[in-house]
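Please look through the sequence and the model first. The text below then goes through the fold, one hairpin, a pocket and several residues in turn.

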Amino acid sequence: MIGAGDSFFVEKAKSRINALLDGSSIIVLASHNLAIIRQICNRAVVLEKGRVRFVGDIEPGIENYQQSGQKQ
């Protein structure tokens, strides 16, 4: 999930993220890392040039995101 740092840092980061997830109703995560998005998120918002392009479930959101990147 976390792609930087030594194993101690990665475990510490995972614990921190899990604590945030357990104690929150809403978390906004902005990332291009699809593996992290799949693991953490349950909804997706895809933006294009500052405008909302898609709102919905993760897999269709990722497909929409990947299609928008092919146009550029």
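The paragraphs that follow start with the chain as a whole and end with single residues.

This is a predicted model, in which local features need pLDDT of at least 70 and side-chain atom pairs count only at pLDDT 80 or more, while totals for chains, interfaces and linings use all residues. Residues are numbered from 1 along each chain as its sequence is written, and side-chain values use heavy atoms, with hydrogens and water left out.

The chain contains 3 helices and 2 strands. Here helices (H or I, at least four residues) and strands (E, at least two) are DSSP runs, numbered from the N terminus. Along the sequence, their order gives the pattern α-α-β-β-α. Of the 72 residues in the chain, 19% are buried; buried stands for under 20% relative accessible area, exposed for over 50%, and partly exposed for what lies in between (1.4 Å probe, protein chains only). The chain exposes about 5,700 Å², and carbon and sulfur atoms supply 52% of that area. Accessible areas come from the Shrake-Rupley method with a 1.4 Å probe, and for residues only the protein chains shown count as cover. A contact requires heavy atoms within 4.5 Å. Among contacts between residues at least 6 apart in sequence, 18% join residues at least 24 apart.

Strand E1 covers residues 44-48, and strand E2 covers residues 51-56. E1 and E2 run antiparallel and are joined by 5 bridges; two strands pair if DSSP finds at least two bridges between them. Val45 stands opposite Val55 in E2. The strands E1 and E2 form a hairpin with 2 residues between them. Lys49 sits in the loop between E1 and E2, and its phi is near 55°, a positive value in a residue other than glycine. Most residues other than glycine have a negative phi. Is Lys49 buried or exposed? Lys49 counts as exposed because its relative accessible area is 81%.

Gly56 belongs to strand E2. Its relative accessible area is 7%, so Gly56 is classed as buried. Leaving out residues up to four places away in sequence, Gly56 touches Arg43 and Ala44. Gly56 and Arg43 are 13 residues apart in sequence, and their C-alpha atoms are 5.6 Å apart in space.

Now to the pocket. The largest pocket has a volume of about 670 Å³. On a 1 Å grid over the protein atoms alone, a pocket is an open set of points where a 1.4 Å probe fits, with protein on both sides within 12 Å along at least five of seven lines; lining residues have an atom within 4 Å of a point. Grid points are joined across faces, edges and corners, and a volume is the space filled by probe spheres set on the points. The largest pocket is lined by 21 residues, of which Leu29, Cys41, Arg43, Ala44 and Val45 are the closest to its centre. The elements that give two or more residues to this lining are H2, E1 and H3. E1 provides the largest share, 4 residues. By residue class, the lining holds 16 nonpolar, 4 polar and 1 charged. Ala, Val, Leu, Ile, Met, Phe, Trp, Tyr, Cys and Pro count as nonpolar, Asp, Glu, Lys and Arg as charged, and the others, Gly among them, as polar.

Ile37 lies in helix H2, residues 34-40. Ile37 is buried because its relative accessible area is 13%. Which residues does Ile37 touch, not counting those up to four places away in sequence? They are Ser31, Ile58 and Ile62. Ile37 and Glu59 are 22 residues apart along the chain, with their C-alpha atoms separated by 9.7 Å.

Helix H3 spans residues 58-70 and includes Ser68; Asn64 also has its place in H3. Asn64 has a relative accessible area of 15% and is therefore buried. Beyond residues up to four places away in sequence, Asn64 touches Val46, Arg53 and Phe54. Ser68 is at 6% relative accessibility, so Ser68 too counts as buried. Apart from its neighbours within four places in sequence, Ser68 is in contact with Glu48 and Arg53.
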